[in-house]
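I opened this notebook to record what I looked up on charge pairing. The entries follow the order in which I went through the model.

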Amino acid sequence: MNTYTIRRAIPADAAALVELGRAVSSEPEAWLITEGDWRNVGEERRYLRAVRRSPHAAVFVVENGGGIVARLSLARDSHPASAHVADLGLMVAAGHRRRGIGRSLLEQAVAWARESGIEKLELHVFPHNEPAIKLYEQFGFEREGTRRNHFRRGGRLLDAVLMAYRVD
Ligand SMILES: CC(C)(COP(=O)(O)OP(=O)(O)OC[C@H]1O[C@@H](n2cnc3c(N)ncnc32)[C@H](O)[C@@H]1OP(=O)(O)O)[C@@H](O)C(=O)NCCC(=O)NCCS
């Protein structure tokens, strides 16, 4: 992780983030809910602008000399009764995995949660995504259950494991 830096995303990152999202969501292992059809650059830029203005969401990127290699997205629940909960999404470019980037981004997520008054981080992960489940469990996330037929991907309905981390 020494050669990488983490920073907040800016609207000018939109093209690089679309490229990353399209690459990871097109991998044949189907790691992500999205299947290749990532939002376009204009939509991504608008989303990043909105996130920059909001205290309830954040996008962080990891970069090295060559560009952006990973992304973390966080968003607080919109319902007042669960405003202490935020959802997270994570991806690392295929050529940069197993170097501690995922773990560092989870540490960043916890730091943001503390600053933002978030007490619980949650995420959905496909049951076949063993690398991600291992990372989350090793970090301290716990399984809260399985959501049956929760996501439509490639014309099929897939289960998702709901995992959560208590922020102290
Ligand atoms: C899951 C993902 C984010 C992990 O990122 P990463 O930067 O490779 O993770 P790290 O290097 O920080 O790994 C931390 C620990 O997680 C576990 N882990 C990560 N990848 C693993 C793998 N392929 N197999 C087994 N354990 C794995 C290991 O315990 C690892 O520690 P170690 O390398 O010291 O053994 C990355 O593989 C990825 O982006 N996958 C595609 C997108 C995705 O699945 N996103 C999550 C959707 S819920």
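I looked up E44 and noted 0% relative accessibility, so E44 counts as buried (buried means under 20% relative accessible area, exposed over 50%, partly exposed in between, with a 1.4 Å probe and protein chains only). The model is predicted: local features need pLDDT of at least 70, side-chain atom pairs count only at pLDDT 80 or more, and totals for chains, interfaces and linings use all residues. Residues are numbered from 1 along each chain as its sequence is written, and side-chain values use heavy atoms, with hydrogens and water left out.

I then checked the partner of E44. R39 forms a salt bridge with E44, the closest N and O atoms being 2.8 Å apart (a side-chain nitrogen of Lys or Arg within 4 Å of a carboxyl oxygen of Asp or Glu). R39 is partly exposed, because its relative accessibility is 30%.

I found nine salt bridges in the structure. One of them joins R7 to D13, with closest N and O atoms 2.8 Å apart. I recorded R7 as partly exposed at 24% relative accessibility and D13 as buried at 6%.

I turned next to D159, which pairs with R148 in a salt bridge at 3.1 Å between the closest N and O atoms. This pair links distant parts of the chain, 11 residues apart: D159 lies in strand β7 (residues 156–166) and R148 in strand β6 (strands are DSSP runs of E, at least two residues, numbered from the N terminus). D159 is partly exposed at 24%, whereas R148 is exposed at 60%.

Technical notes:
Helix = DSSP H or I, 4+ residues; strand = E, 2+ residues; numbered from the N terminus.
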